[in-house]
Amino acid sequence: MRDLFPLSHSRRPGSDAGKRREFQRSMSKVAIAIQKLTKTFSVGKILQTLQKNPPKKGGTEVLKGISLEVFQGEALGLLGPNGAGKTTLLEILSTLLLPSGGEATICGYDVVREAGQVRKVVSYCPSASENFYPRLTGMRNMEFFALLNNLSPREARRKIQTVLDLVELEGGSDVPFQLYSEGMKHRLALARALLTDPELLLLDEPTRSLDPVLQGEIRKFLRERVVAKLGKTVLLVTHSLLEAEQVCDRLAILHRGQMVRIGTPDEIKKACGGEDLTEAFERAVGATSCQ
Amino acid sequence: MPVAWKAWAFFKRDLITDLSYKLSFAFQVVDILVGIGSFYFLARILGKAAFRGYEPFPFILVGMAVNGYMSTSLVCFAQAIRGNQPLGTLKMVLVTPTSPIAFVLFSSLYPFVRAALDAVFYLLAGTMFGLSLARVNLLAVLLIFLLSVAAFSSIGILSATFTLVFKRGDPFLWLFGGLSWLLGGVFYPLEVLPRFLQHAGQLLPITHALVGMRAALLRNASILELLPQIGVLGLFALVGLPLSLLAFHLGVRWARITGTLSHF
């Protein structure tokens, strides 16, 4: 278990807490290691043969040889404009997509050759808050996914209760999912992601379309409970720079399939210039290049 | 044990979902009864000679029951894909330590149980219209049922693969579903067809399932007597199932490469 860090800038690198975390990171193990990862979406061979004039070029290159390391117990924010390749990267790490080239390992397991092992240590929480069976209650949905994650029914019931308590959703678990509010859906998705006590959480915009109060609650939950208390490694895709700053230790900025900047918020601000992270981000992905 | 729990999870999911549509159960019962009634009166105007020695009504009734579970076998695998894609649950299942093949096979459990119950209901309801079930070889019925489900499923899994890769316009469903009505002998004996169509009908698993099921249900045929049908259905299953599962495996891999797992 790790210490609880308050949601303030005192934990940022540069401060004592930040330096301590920097040191911890350098000593800790790598949870995600990505080497020259590429992904090209092309018209497949089956379709090519059916087409009269198949395209000569190889399709759309979404990831262009990115490399990245995420350390155990770290929260890394993945930022970038729409179409930068963030969700593609998350789907490769969750084994939903096969990369075109390069390598990616999670807790030492290769995402292609050892996909089965990867699925045991990773939880993926996609951006849409749906992804559940609408006519089943929250509890029944959780039971279904628990059994699919190799939990026995008894173990499943115990863990479901724990994670529902954790996300403060125990009261609504007997309501059909289709009657859930947006906030309840997001909480249930987070509860499902925590069900197997995974080493690594891949979160794709977990606060999208939520009101500011609930956004704040979920950020606090991620920072204080998931990262600080439970010690999970988190890869968080977000469009909110505030969220990235509040939840994450480091940020990685992806633009047109390339990693343009990785570092703490302060490091990124320093490298790209600008008054704040918004300006630094704009410079990182805009015409103005970083150092 | 996890495999059994997973199978149970899929079965329970589909049972609860089905039970949540309470009215549909009632309408289905009415639908079956109306269908049986129509065929009963139609059968009364047909002669006995043209039905291979069977009474026309039992002949058609068994045809409908077998056709019912064949239809389920053909569509349930593709429906498992199609139903989960728009919900986003297909992806969520595939990120768990559950293989795509387990997903598609376990998703068929409830539809098969429903189809078997429907078939039993067909026959029981048929007794209200004079169907006699006094000469049933239950063991042979079960064997023919299991083998024919396995044979039909190989086509159903190919259909699911097609759905995964091409999304719509499934030729397997059209080919086997449509041709089975025409050439399989569901409503009439194959002998009424031109000879070349009779030969074509022999290539369909339903033809053999129907011959076997009618003999086992209506005239107490022994397993030995049914060996030709058992052999053909077994061959269909033995060759078809591994091939269709391989095709499905490749289809999933294809969708993972092209990023089209959730496209529909």
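What percentage of the 264 residues of chain B count as buried? In this predicted model, 43% of the residues of chain B count as buried. Chain B consists of eleven helices and zero strands, whereas four strands of chain A form an open sheet, and chain B is also in contact with chain A.

**Chain B: fold and dimensions**
- Along the sequence, chain B reads α-α-α-α-α-α-α-α-α-α-α; its radius of gyration is 19 Å, close to the 18 Å that the globule rule gives for 264 residues, so chain B is as compact as a globular protein of that length.
- Taken along the principal axes, the box filled by the C-alpha atoms of chain B is roughly 55 × 45 × 35 Å.
- Among the contacts in chain B with a separation of 6 or more, 79% are accounted for by residues 24 or more positions apart.

- Strand E1 (residues 30-41) and strand E4 (residues 101-106) of chain A are joined by five bridges; Ile34(A) has Ala104(A), in E4(A), as its bridge partner.
- Helix H3 (residues 86-93) of chain A lies across E1, E2 and E4 of that chain, and runs at about 115° to E1(A).

**The contact between the chains**
- On the two sides, 26 residues of chain B are in contact with 29 residues of chain A.
- Helix H1 (2-19), helix H4 (89-94) and helix H11 (227-258) of chain B each give two or more residues to the side that touches chain A, and the largest share, seven residues, comes from H1(B).
- By class, this side of chain B comprises 14 nonpolar, eight polar and four charged residues.

Methods: Residues are numbered from 1 along each chain as its sequence is written. Chains are lettered from A and ligands numbered from 1 in the order in which they are written. This is a predicted model: local features need pLDDT of at least 70, side-chain atom pairs count only at pLDDT 80 or more; totals for chains, interfaces and linings use all residues. Two strands pair if DSSP finds at least two bridges between them. Two residues are in contact if their C-beta atoms, placed from the backbone, lie within 7 Å. Axes are lines fitted to C-alpha atoms, for helices over the stretch in contact, and angles run from 0 to 180 degrees between N-to-C directions. Ala, Val, Leu, Ile, Met, Phe, Trp, Tyr, Cys and Pro count as nonpolar, Asp, Glu, Lys and Arg as charged, and the others, Gly among them, as polar. The radius of gyration is taken over C-alpha atoms; the globule rule is 2.2 Å times the number of residues to the power 0.38. A residue is buried if 20 or more other C-beta atoms lie within 10 Å of its own, exposed if 12 or fewer, and partly exposed in between; C-beta atoms are placed from the backbone.
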